Amino acid sequence: MQLSSKGNKHDEIDFEFLGNLSGDPYILHTNVFSQGKGGREQQFYLWFDPTQDFHTYSIIWVPHHIVFLVDNTPIRVFQNSESIGVPFPKNQPMRIHSSLWNADNWATRGGLVKTDWSKAPFTAYYRGFNSIDFPNSSPSPSSKSFSDGNWEAKELDTKARRRVRWVQKNFMIYNYCADLKRFPQSLPPEC
């Protein structure tokens, strides 16, 4: 699933499953583009097999941050760092897209594994899809924190921050903010 605007300087928020070899864990890939520039990838193994049941994958996109969640567990937070010159996707309307596409030139073990087209057709199933426009919605009156459903909270509360750290410590397999080979001179400023 992705949110994306149009044009050369498009904004995009990605939440994607990368292909795998049968029996290998699935990789959940996240990325944020702003003004046509991406390269802000984080990748995770999940703590469950995503093919065995339906799960909830959510993106909370508000002016101060983007939060990626799996079954209401925050796995990644991308802060609005415009104050230090990092573009943030907030000025272009985006549409929701979902598709199956061939990215075997990079996505499957770095392009080492190619798509086995003899297994086609490929399918994806969705259940309970929902989209909420936050400016026109309000959190539950009992919601006092991010963990309680106040998704517009400017900061994650202690419980949500602890959950992000748990996921990132135990399941993150790639973080652009730690890739010194890719950024040998200095890491991106938001890191």
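This is a predicted model: local features need pLDDT of at least 70, side-chain atom pairs count only at pLDDT 80 or more; totals for chains, interfaces and linings use all residues.

User: Okay. Where does Leu100 lie?

Analyst: Leu100 sits in the loop between strand E8 (95-97) and helix H1 (158-171). Together with Trp117 and Phe122, Leu100 forms a nonpolar surface patch. The patch has about 340 Å² of accessible area.

User: And which residues does the cis peptide bond join?

Analyst: Ala120 and Pro121, with omega at about 5°. Pro121 is also in the loop between E8 and H1. Most peptide bonds are trans.

User: New topic. What volume does the second largest pocket have?

Analyst: About 330 Å³. It has 17 lining residues, and the closest to its centre are Arg76, Val77, Phe78, Gln79 and Gln168. Strand E7 (73-79) and H1 each give two or more residues to the lining.

User: How many of the lining residues are nonpolar, polar and charged?

Analyst: The lining has 7 nonpolar, 5 polar and 5 charged residues.

User: What is the phi of Gln35?

Analyst: Positive, about 55°, although Gln35 is not a glycine. Most residues other than glycine have a negative phi. Gln35 is in the loop between strand E3 (27-33) and strand E4 (42-45).

User: Why does Gln35 count as partly exposed?

Analyst: Because its relative accessibility is 46%.

User: What about Asp71?

Analyst: Asp71 has a positive phi too, about 50°. Asp71 lies in the loop between strand E6 (65-70) and E7. At 31% relative accessibility, Asp71 counts as partly exposed.

How values were computed:
Residues are numbered from 1 along each chain as its sequence is written. Side-chain values use heavy atoms; hydrogens and water are left out. Patches are made of residues with over 30% relative accessible area and no salt bridge: like charges are joined within 9 Å, nonpolar side chains (Val, Leu, Ile, Met, Phe, Trp, Tyr) within 5 Å. Accessible areas come from the Shrake-Rupley method with a 1.4 Å probe; for residues, only the protein chains shown count as cover. A salt bridge is a side-chain nitrogen of Lys or Arg within 4 Å of a carboxyl oxygen of Asp or Glu. Helices (H or I, at least four residues) and strands (E, at least two) are DSSP runs, numbered from the N terminus. On a 1 Å grid over the protein atoms alone, a cavity is a set of points where a 1.4 Å probe fits but cannot get out, and a pocket is an open set with protein on both sides within 12 Å along at least five of seven lines; lining residues have an atom within 4 Å of a point. Grid points are joined across faces, edges and corners, and a volume is the space filled by probe spheres set on the points. Ala, Val, Leu, Ile, Met, Phe, Trp, Tyr, Cys and Pro count as nonpolar, Asp, Glu, Lys and Arg as charged, and the others, Gly among them, as polar. Buried means under 20% relative accessible area, exposed over 50%, partly exposed in between (1.4 Å probe, protein chains only).
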